[in-house]
Amino acid sequence: MLFLDTKRGSDIRIGFPESTDIEAVKHLVTGVIPADTSATILSDTAKVSVLNVPENIGSLTNEQAKERVLTMLQQKNPWLKTQEVTVVYIKSHYNNKEKCTVGLRLPIPAQKRLLEIGKLYYASSRVSVVERFHIHQCIKCHRYDHKTFECTSSVLVCKLCGENHDVKECTKRETRFCTNCSVSDEFKLQANSHHSGARLCPVRLQLQSELSKN
């Protein structure tokens, strides 16, 4: 699917779903664009999420955090310097402020390469890369943004009632308690309206919304 994006100042930006389409249609542009108009031919972009990035961003502004993370990613993964990469999203983990999830926008060929590799290097760590909108939820503590084997909680939390036991052993199966809403200032009052695995959990929906609009 071809799209034209006209910018103020008579600039025209043309995008294509695949980078291989660019050469095939360049002849359509040559000789057609007026002499006083510039044209930039771009491949379309896509997004990935970089998980468990070992960076405490609490003392930084959002823009400072994005710049710091991008700089480190480019230093440790030099091939990214040749790509048009933008940090579009960055968020600290709920239960571990020393780590964060980062959303990147980059050309489709680079995105495909990243997903095939499945990892990037950051500082002295190796971090996982997944498609955007992929939300991890730990099945031990039921918090978001980390996998079960990465969980730092020392106790098992029931998905239904929120107490410290396996869901299979729960004797309060009619009780509903969401561990994510219970620690959210915005949604704390809704903690008793659903369990921690609910797809319509407002914390989960907010996270999905933030990912989709960035």
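Q: How many of the 8 residues of strand 6 are buried?
A: The model is predicted: local features need pLDDT of at least 70, side-chain atom pairs count only at pLDDT 80 or more, and totals for chains, interfaces and linings use all residues. Buried means under 20% relative accessible area, exposed means over 50%, and partly exposed lies in between (1.4 Å probe, protein chains only). Strand 6 is mostly covered, and the number of its residues that are buried is 7.

Q: What pattern does the protein chain follow along the sequence?
A: Helices (H or I, at least four residues) and strands (E, at least two) are DSSP runs, numbered from the N terminus. The protein chain has 5 helices and 8 strands. Read along the sequence, their pattern is β-β-α-β-β-α-β-β-α-β-β-α-α.

Q: In what order do the 5 strands of the open sheet stand?
A: Two strands pair if DSSP finds at least two bridges between them. Strand 5 and strand 6 run antiparallel and are joined by 6 bridges; strand 4 and strand 6 also pair in the antiparallel sense, over 7 bridges. Strand 4 and strand 8 pair in the antiparallel sense over 3 bridges. The order in the open sheet is 5-6-4-8-7.

Q: Which strands stand at the edges of this sheet, and why is one side of each left without a neighbour?
A: The order 5-6-4-8-7 describes an open sheet with antiparallel pairing. Each edge strand has a single partner strand, so one side is left without a neighbour in the sheet. The strands at the edges are strand 5 and strand 7.

Q: Which residue in strand 6 stands opposite valine 87?
A: Strands of a sheet pair through backbone hydrogen bonds. Within this sheet, alanine 46 stands opposite leucine 106 in strand 6, and valine 50 stands opposite valine 129 in strand 8. The residue opposite valine 87 is leucine 104.

Q: At about what angle does helix 3 run to strand 6?
A: Axes are lines fitted to C-alpha atoms, for helices over the stretch in contact, and angles run from 0 to 180 degrees between N-to-C directions. Helix 3 lies across strand 4, strand 6, strand 7 and strand 8. Its angle to strand 6 is about 135°.

Q: How many residues does the largest nonpolar core have?
A: A nonpolar core is a set of buried Ala, Val, Leu, Ile, Met, Phe, Trp, Tyr and Cys residues joined through side-chain atoms within 4.5 Å. Those with the most contacts inside the largest core are Val50, Val102, Leu104 and Leu120. Strand 4, helix 2, strand 5, strand 6, helix 3, strand 7 and strand 8 each supply at least two residues of this core. The number of residues in the largest core is 23.

Q: What is the relative accessible area of cysteine 178?
A: Cysteine 178 lies in the loop between strand 8 and helix 4. Beyond its neighbours within four places in sequence, cysteine 178 is in contact with Ala191, His194, His195, Ser196 and Cys201. Its C-alpha atom is separated by 4.9 Å from that of alanine 191, 13 residues apart along the chain. Cysteine 178 is buried, and its relative accessible area is 0%.

Q: At what relative accessibility does arginine 204 count as buried?
A: Arginine 204 is found in helix 5. Its contacts, leaving aside neighbours within four places in sequence, are Ile135, Gln137, Tyr144, Ala198 and Arg199. Arginine 204 counts as buried because its relative accessibility is 7%.

Methods. Residues are numbered from 1 along each chain as its sequence is written. Side-chain values use heavy atoms; hydrogens and water are left out. Contact means heavy atoms within 4.5 Å.
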